[in-house]
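Thanks for passing this one along. Here are my notes, to be read with the model open beside you.

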Amino acid sequence: MDGMTWIVANWKANKTIAEALDWIAQVGPHLPKSEKLKMVLCPTFSALSEVKKAITVGNFSLMVGVQDLSSFGIGAYTGEEPAQLLNQFADLAILGHSERRQNFGETDEMIAKKVQRAGANKILSLVCVRDSDTQVPDGCKLAAYEPVWAIGSGLADTPQNANEVAKKLKTKYGEDISVLYGGSVNADNVTTFVAQENISGVLIGSASLSAEEFLKICKTCAL
Ligand code: PGA
(Lines give C-alpha, C1' and ligand atoms only; values in the text may rest on other atoms or scores of the structure.)
Protein backbone atom coordinates (compact mmCIF):
# COMPACT_ATOMS: atom_id res chain seq x y z
CA MET A 1 0.00 0.00 0.00
CA ASP A 2 3.09 2.19 0.01
CA GLY A 3 2.88 5.47 -1.81
CA MET A 4 -0.86 5.13 -2.31
CA THR A 5 -3.32 7.87 -1.49
CA TRP A 6 -6.67 6.55 -0.29
CA ILE A 7 -9.83 8.57 -0.75
CA VAL A 8 -12.65 6.79 1.02
CA ALA A 9 -16.23 8.07 0.80
CA ASN A 10 -18.37 7.13 3.78
CA TRP A 11 -21.96 7.86 2.85
CA LYS A 12 -23.24 6.73 6.28
CA ALA A 13 -27.05 6.28 6.31
CA ASN A 14 -27.74 8.39 3.21
CA LYS A 15 -28.95 8.07 -0.40
CA THR A 16 -31.65 6.03 -2.12
CA ILE A 17 -30.60 3.75 -4.97
CA ALA A 18 -31.66 6.43 -7.46
CA GLU A 19 -29.55 9.07 -5.68
CA ALA A 20 -26.60 6.68 -5.47
CA LEU A 21 -26.77 5.90 -9.20
CA ASP A 22 -27.05 9.57 -10.04
CA TRP A 23 -23.89 10.31 -8.02
CA ILE A 24 -22.02 7.48 -9.77
CA ALA A 25 -23.12 8.74 -13.19
CA GLN A 26 -21.79 12.19 -12.34
CA VAL A 27 -18.54 11.03 -10.75
CA GLY A 28 -17.52 7.80 -12.50
CA PRO A 29 -16.64 9.09 -16.00
CA HIS A 30 -14.64 12.04 -14.63
CA LEU A 31 -12.44 10.35 -12.03
CA PRO A 32 -8.74 11.06 -12.50
CA LYS A 33 -6.74 8.21 -13.98
CA SER A 34 -3.96 7.95 -11.44
CA GLU A 35 -2.13 4.84 -10.33
CA LYS A 36 -1.36 6.38 -6.95
CA LEU A 37 -5.02 6.94 -6.04
CA LYS A 38 -7.31 4.37 -4.46
CA MET A 39 -10.83 5.74 -4.51
CA VAL A 40 -13.43 3.84 -2.53
CA LEU A 41 -17.19 4.31 -2.23
CA CYS A 42 -18.96 2.95 0.86
CA PRO A 43 -22.74 3.15 0.39
CA THR A 44 -25.52 1.71 2.57
CA PHE A 45 -26.16 -2.04 2.44
CA SER A 46 -29.45 -1.37 0.63
CA ALA A 47 -27.67 0.33 -2.29
CA LEU A 48 -24.62 -1.96 -2.33
CA SER A 49 -25.66 -4.34 -5.10
CA GLU A 50 -26.80 -1.59 -7.50
CA VAL A 51 -23.73 0.50 -6.73
CA LYS A 52 -21.43 -2.41 -7.49
CA LYS A 53 -23.26 -3.13 -10.74
CA ALA A 54 -23.12 0.49 -11.91
CA ILE A 55 -19.39 0.78 -11.17
CA THR A 56 -18.63 -2.53 -12.89
CA VAL A 57 -20.71 -1.75 -15.98
CA GLY A 58 -19.19 1.73 -16.24
CA ASN A 59 -15.71 0.31 -15.64
CA PHE A 60 -15.04 3.19 -13.25
CA SER A 61 -11.92 3.29 -11.09
CA LEU A 62 -13.82 3.09 -7.83
CA MET A 63 -13.56 0.32 -5.31
CA VAL A 64 -16.65 -0.58 -3.32
CA GLY A 65 -16.66 -0.80 0.45
CA VAL A 66 -19.10 -1.37 3.29
CA GLN A 67 -19.46 0.64 6.50
CA ASP A 68 -19.62 -2.40 8.78
CA LEU A 69 -19.91 -6.16 8.69
CA SER A 70 -21.00 -8.89 11.07
CA SER A 71 -18.74 -10.30 13.74
CA PHE A 72 -20.56 -13.61 13.02
CA GLY A 73 -20.47 -15.84 9.97
CA ILE A 74 -23.36 -17.02 7.79
CA GLY A 75 -26.25 -18.67 9.60
CA ALA A 76 -28.97 -17.82 12.11
CA TYR A 77 -28.01 -14.19 12.84
CA THR A 78 -31.08 -12.15 11.98
CA GLY A 79 -30.32 -8.76 10.53
CA GLU A 80 -26.60 -9.32 10.14
CA GLU A 81 -24.44 -8.90 7.02
CA PRO A 82 -21.59 -11.44 7.09
CA ALA A 83 -18.28 -11.01 5.29
CA GLN A 84 -18.85 -14.24 3.33
CA LEU A 85 -21.80 -12.59 1.58
CA LEU A 86 -20.53 -9.03 1.44
CA ASN A 87 -17.43 -10.03 -0.49
CA GLN A 88 -19.64 -10.44 -3.54
CA PHE A 89 -19.65 -6.63 -3.63
CA ALA A 90 -17.09 -5.15 -1.30
CA ASP A 91 -13.29 -5.01 -1.27
CA LEU A 92 -13.03 -2.97 1.92
CA ALA A 93 -14.89 -2.53 5.20
CA ILE A 94 -14.85 0.52 7.45
CA LEU A 95 -14.80 -1.00 10.95
CA GLY A 96 -15.09 0.53 14.40
CA HIS A 97 -16.29 3.94 13.26
CA SER A 98 -16.93 6.14 16.32
CA GLU A 99 -20.63 6.34 15.40
CA ARG A 100 -20.84 2.56 15.71
CA ARG A 101 -18.90 2.51 18.97
CA GLN A 102 -21.15 5.24 20.36
CA ASN A 103 -24.59 4.24 19.04
CA PHE A 104 -24.27 0.47 18.73
CA GLY A 105 -22.00 -0.40 21.62
CA GLU A 106 -19.12 -1.70 19.51
CA THR A 107 -16.11 -2.68 21.57
CA ASP A 108 -12.48 -3.24 20.60
CA GLU A 109 -13.14 -6.97 21.05
CA MET A 110 -16.04 -6.97 18.58
CA ILE A 111 -14.03 -4.92 16.12
CA ALA A 112 -11.15 -7.40 16.34
CA LYS A 113 -13.58 -10.21 15.45
CA LYS A 114 -14.87 -8.23 12.49
CA VAL A 115 -11.32 -7.66 11.26
CA GLN A 116 -10.76 -11.44 11.39
CA ARG A 117 -13.99 -12.13 9.49
CA ALA A 118 -13.07 -9.53 6.89
CA GLY A 119 -9.55 -10.88 6.42
CA ALA A 120 -10.76 -14.47 6.09
CA ASN A 121 -13.05 -13.33 3.28
CA LYS A 122 -10.64 -11.13 1.36
CA ILE A 123 -12.10 -7.85 2.53
CA LEU A 124 -9.61 -5.20 3.58
CA SER A 125 -10.30 -3.66 7.00
CA LEU A 126 -10.10 0.07 7.55
CA VAL A 127 -10.26 0.49 11.32
CA CYS A 128 -11.18 3.90 12.77
CA VAL A 129 -9.40 5.10 15.90
CA ARG A 130 -10.08 8.21 17.96
CA ASP A 131 -6.43 8.61 18.99
CA SER A 132 -3.17 6.70 19.08
CA ASP A 133 -4.25 4.81 22.22
CA THR A 134 -7.18 3.10 20.50
CA GLN A 135 -6.38 -0.48 19.64
CA VAL A 136 -5.79 -1.50 16.04
CA PRO A 137 -6.45 -5.25 15.84
CA ASP A 138 -3.87 -7.76 14.61
CA GLY A 139 -3.94 -8.19 10.88
CA CYS A 140 -5.20 -4.69 10.16
CA LYS A 141 -2.86 -2.63 8.01
CA LEU A 142 -5.17 0.28 7.25
CA ALA A 143 -6.41 2.66 9.94
CA ALA A 144 -8.12 6.04 10.03
CA TYR A 145 -7.42 8.59 12.72
CA GLU A 146 -10.74 10.31 13.35
CA PRO A 147 -10.98 12.61 16.38
CA VAL A 148 -14.64 12.44 17.45
CA TRP A 149 -14.99 16.23 17.78
CA ALA A 150 -13.91 16.72 14.16
CA ILE A 151 -16.53 14.41 12.66
CA GLY A 152 -19.32 16.31 10.94
CA SER A 153 -18.42 19.49 12.86
CA GLY A 154 -16.71 21.48 10.14
CA LEU A 155 -13.69 21.70 12.45
CA ALA A 156 -10.90 19.51 11.14
CA ASP A 157 -7.85 18.65 13.22
CA THR A 158 -4.63 20.41 12.21
CA PRO A 159 -2.65 18.49 9.60
CA GLN A 160 0.37 18.67 11.93
CA ASN A 161 -1.44 16.98 14.80
CA ALA A 162 -2.98 14.38 12.49
CA ASN A 163 0.52 13.64 11.22
CA GLU A 164 1.79 13.23 14.79
CA VAL A 165 -0.98 10.77 15.64
CA ALA A 166 -0.31 8.83 12.43
CA LYS A 167 3.38 8.71 13.33
CA LYS A 168 2.59 7.32 16.78
CA LEU A 169 0.37 4.65 15.24
CA LYS A 170 3.17 3.66 12.88
CA THR A 171 5.63 3.47 15.74
CA LYS A 172 3.20 1.23 17.61
CA TYR A 173 1.97 -1.01 14.80
CA GLY A 174 4.78 -0.89 12.25
CA GLU A 175 5.71 1.26 9.29
CA ASP A 176 3.62 -0.91 7.01
CA ILE A 177 0.37 0.33 8.50
CA SER A 178 -1.22 3.04 6.35
CA VAL A 179 -2.98 5.78 8.28
CA LEU A 180 -5.73 7.99 6.87
CA TYR A 181 -7.19 11.11 8.42
CA GLY A 182 -10.95 11.67 8.78
CA GLY A 183 -13.03 14.49 10.25
CA SER A 184 -14.40 17.47 8.26
CA VAL A 185 -12.21 16.85 5.22
CA ASN A 186 -13.28 18.77 2.12
CA ALA A 187 -11.89 19.94 -1.23
CA ASP A 188 -10.31 22.99 0.39
CA ASN A 189 -8.34 21.26 3.14
CA VAL A 190 -7.64 17.81 1.66
CA THR A 191 -4.19 18.63 0.28
CA THR A 192 -2.95 19.83 3.66
CA PHE A 193 -3.62 16.35 5.06
CA VAL A 194 -2.37 14.19 2.20
CA ALA A 195 0.81 16.28 2.05
CA GLN A 196 1.80 15.00 5.52
CA GLU A 197 4.54 12.41 5.61
CA ASN A 198 2.64 9.87 7.69
CA ILE A 199 -0.83 10.31 6.22
CA SER A 200 -1.84 8.05 3.34
CA GLY A 201 -5.24 9.47 2.52
CA VAL A 202 -8.58 10.59 3.84
CA LEU A 203 -11.91 9.22 5.04
CA ILE A 204 -14.71 11.58 4.05
CA GLY A 205 -18.27 11.77 5.34
CA SER A 206 -20.39 14.85 4.58
CA ALA A 207 -18.28 16.16 1.69
CA SER A 208 -18.51 12.80 -0.10
CA LEU A 209 -22.28 13.11 -0.47
CA SER A 210 -21.82 15.78 -3.13
CA ALA A 211 -20.65 14.37 -6.47
CA GLU A 212 -19.04 17.68 -7.35
CA GLU A 213 -17.14 17.99 -4.06
CA PHE A 214 -15.96 14.38 -4.16
CA LEU A 215 -14.68 14.81 -7.73
CA LYS A 216 -12.84 17.97 -6.71
CA ILE A 217 -11.18 16.10 -3.85
CA CYS A 218 -10.05 13.28 -6.16
CA LYS A 219 -8.76 15.66 -8.81
CA THR A 220 -6.86 17.70 -6.21
CA CYS A 221 -5.21 14.57 -4.83
CA ALA A 222 -4.21 13.40 -8.32
CA LEU A 223 -2.10 16.50 -8.95
P1 PGA B 1 -17.13 14.01 8.12
O2 PGA B 1 -17.19 12.48 8.57
O3 PGA B 1 -16.28 14.08 6.89
O4 PGA B 1 -18.56 14.38 7.83
O5 PGA B 1 -16.56 14.78 9.24
C6 PGA B 1 -16.04 11.70 8.56
C7 PGA B 1 -16.35 10.31 9.05
O8 PGA B 1 -17.22 10.16 9.93
O9 PGA B 1 -15.75 9.34 8.59
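The points below go from the overall fold to the ligand site.

1. A word on the basis: this is a predicted model, in which local features need pLDDT of at least 70 and side-chain atom pairs count only at pLDDT 80 or more, while totals for chains, interfaces and linings use all residues. Residues are numbered from 1 along each chain as its sequence is written, and side-chain values use heavy atoms, with hydrogens and water left out.

2. The chain has 8 helices and 8 strands (DSSP runs: H or I of at least four residues for helices, E of at least two for strands). Its radius of gyration is 16 Å, close to the 17 Å of the globule rule for 223 residues, so the chain is as compact as a globular protein of that length (taken over C-alpha atoms; the rule is 2.2 Å times the number of residues to the power 0.38).

3. Of the 223 residues, 49% are buried, meaning under 20% relative accessible area with a 1.4 Å probe, protein chains only.

4. Now the ligand: 13 residues surround it, the closest being Lys 12, His 97, Glu 146, Gly 152 and Ser 206 (a heavy atom within 4 Å). This shell divides into 4 nonpolar, 7 polar and 2 charged residues, with Gly counted as polar.

5. Which atoms lie 2.7 Å from a ligand oxygen? One is a side-chain N or O of His 97, and another is a backbone N or O of Ser 184. A polar backbone atom of Gly 205 is 2.8 Å from a ligand oxygen. The protein covers 99% of the 280 Å² of accessible area that the ligand has on its own (Shrake-Rupley, 1.4 Å probe).

How values were computed: A polar contact is a pair of N or O atoms within 3.5 Å; within protein, one must be able to donate a hydrogen and the other to accept it, and residues adjacent in sequence count only if both atoms are side-chain atoms. Buried means under 20% relative accessible area, exposed over 50%, partly exposed in between (1.4 Å probe, protein chains only).
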